[in-house]
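Please look through the structure shown below before reading on.

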Amino acid sequence: TCAFAGQKKVLAAYEEAVKCGYSGARAGRLHTPHGVFDTPMFMPVGTQATVKAVSPRELKEMGAQIILSNTYHLYLRPGTELVAEAGGLHRFMDWDGGILTDSGGFQVFSLGPLRKITEEGAAFRSHIDGSTQFLSPEIAIKAQMNLGADIIMAFDECIPYPAEYQYAKLSTERTTRWAERSQKAHTRSGQALFAIVQGGMYQDLRRVSANDLVSLDFPGYGIGGLSVGEPKPVMYEMLEQTVPLLPENKPRYLMGVGTPDCLVEAVRYGIDMFDCVFPTRVARNGTAMTKSGRLVVKNAAYAKDFLPIDENCGCYACQNFSRAYIRHLLKADEIFGLRLTTIHNLYFLLDFTKKMRQAILEDRFLSFREEFLAQYCK
Ligand SMILES: CNc1nc2cc3c(=O)[nH]c(N)nc3c(CCN)c2[nH]1
Ligand SMILES: [Zn+2]
């Protein structure tokens, strides 16, 4: 069922399937124009309209439901009007699953040499050609309407870590005003706009940010400003302060997270959606993810290891190739090597979220979490 909020049909409606006992963990289903998707879910990152080294067919095969693309990059190159002329991002990259675009709020501060932030927006220099650029809530929303993702994000400032209380306070209040401007600029029906909770690492600012954004009534909520170098216990503390204030019948998306241990903790607090470049990025330098931790398949130790990366893994790489073969490819700088480690790492995280969902539905999530954390060395 799709919930209705005000006069707009909420397309990322959230029907909660099961709530698990003591924890806030829940298994839900997310309704979008491109399908109904299961949560908890991991979203592979396809920053420039491609998940690096894998095809849409392979993504579908490994169970990807929603993938993420970045407005910042596509706005600078090839331009979001061009993508709109091509028929929108789904057509352009031949992906018929769900797409979520980030608003640029993070990339502006983490990529381009930042020029200046004002009430109006953020001026910066393009990391591609150094040209002076400007993003505001209105520009970021227009760009995302051009791209045509199923879920788009409000324009925000990801507060750096550490940050002074006063700066975090002023920035968070501005991000809330930017969320309201994002909402007013968002005129495309059939597309859900999520707000992004900020507040730095300050409990009171996190609560104010969450309450202010909830009163503006969005169909879903991102939790931003985390996984920016803070200690994990601080991230969990911010989740504990924030998640309970968000509506139970709306999706919660923890931005930029993360490793399996962070995922299982965040699901316990009630997070539904995740994205992270980690699995694809470490794959490209020859590191594979397993339930016991990382396996640097490039290491000499695996030169004559004819077993798969993980013999219990159902991915294309583990079903057909050995560690020795993948190590050989990586040492020889063969592109297929990167493809195999990427396929494995994405499959691992997609499968991990599926296993968490199953555990929640069978009301055994807390023991699943215990067993996983006991075996996984960070
Ligand atoms: C890797 N850590 C991380 N923290 C983030 C915070 C925000 C954040 O606070 N705002 C936005 N718009 N994006 C963020 C992202 C990008 C997610 N793909 C983050 N990534
Ligand atoms: Zn595998």
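A residue is called near a molecule if one of its heavy atoms lies within 4 Å of it. Of the 15 residues around ligand 1, those that come nearest are Asp102, Asp156, Gly225, Leu226 and Ser227. This is a predicted model, in which local features need pLDDT of at least 70 and side-chain atom pairs count only at pLDDT 80 or more, while totals for chains, interfaces and linings use all residues. Residues are numbered from 1 along each chain as its sequence is written, chains are lettered from A and ligands numbered from 1 in the order in which they are written, and side-chain values use heavy atoms, with hydrogens and water left out.

**Ligand 1**

A polar contact is a pair of N or O atoms within 3.5 Å; within protein, one must be able to donate a hydrogen and the other to accept it, and residues adjacent in sequence count only if both atoms are side-chain atoms.

| Residue | Part of the residue | Distance to a nitrogen atom of ligand 1 |
|---|---|---|
| Asp156 | side chain | 2.7 Å |
| Leu226 | backbone | 2.8 Å |
| Asp275 | side chain | 2.9 Å |

Taken alone, ligand 1 exposes 450 Å², and the protein buries 89% of that; accessible areas come from the Shrake-Rupley method with a 1.4 Å probe, and for residues only the protein chains shown count as cover.

A residue is buried under 20% relative accessible area, exposed over 50%, and partly exposed in between (1.4 Å probe, protein chains only). Cys313 is buried, with a relative accessible area of 7%, and Cys315 and Cys318 are buried too. If a disulfide is defined as a pair of cysteine sulfur atoms within 2.5 Å, the count comes to 0 disulfides. Cys158 is in no disulfide, and the nearest cysteine sulfur, that of Cys276, is 14 Å away.

**Loops and backbone**

Helices (H or I, at least four residues) and strands (E, at least two) are DSSP runs, numbered from the N terminus. Glu157 is placed in the loop between strand S12 (151-153) and helix H7 (165-185); Glu157 counts as buried, because its relative accessibility is 2%, and a polar contact of 2.6 Å joins its side chain to that of Tyr167.

Most residues other than glycine have a negative phi, and most peptide bonds are trans. A cis peptide bond, however, joins Thr39 and Pro40, with omega about 5 degrees, and Pro40 is found in the loop between strand S5 (35-39) and strand S6 (41-43). Asp363 has a positive phi, near 55 degrees, in the loop between helix H14 (335-361) and helix H15 (365-375), and Asp363 counts as exposed, because its relative accessibility is 52%.
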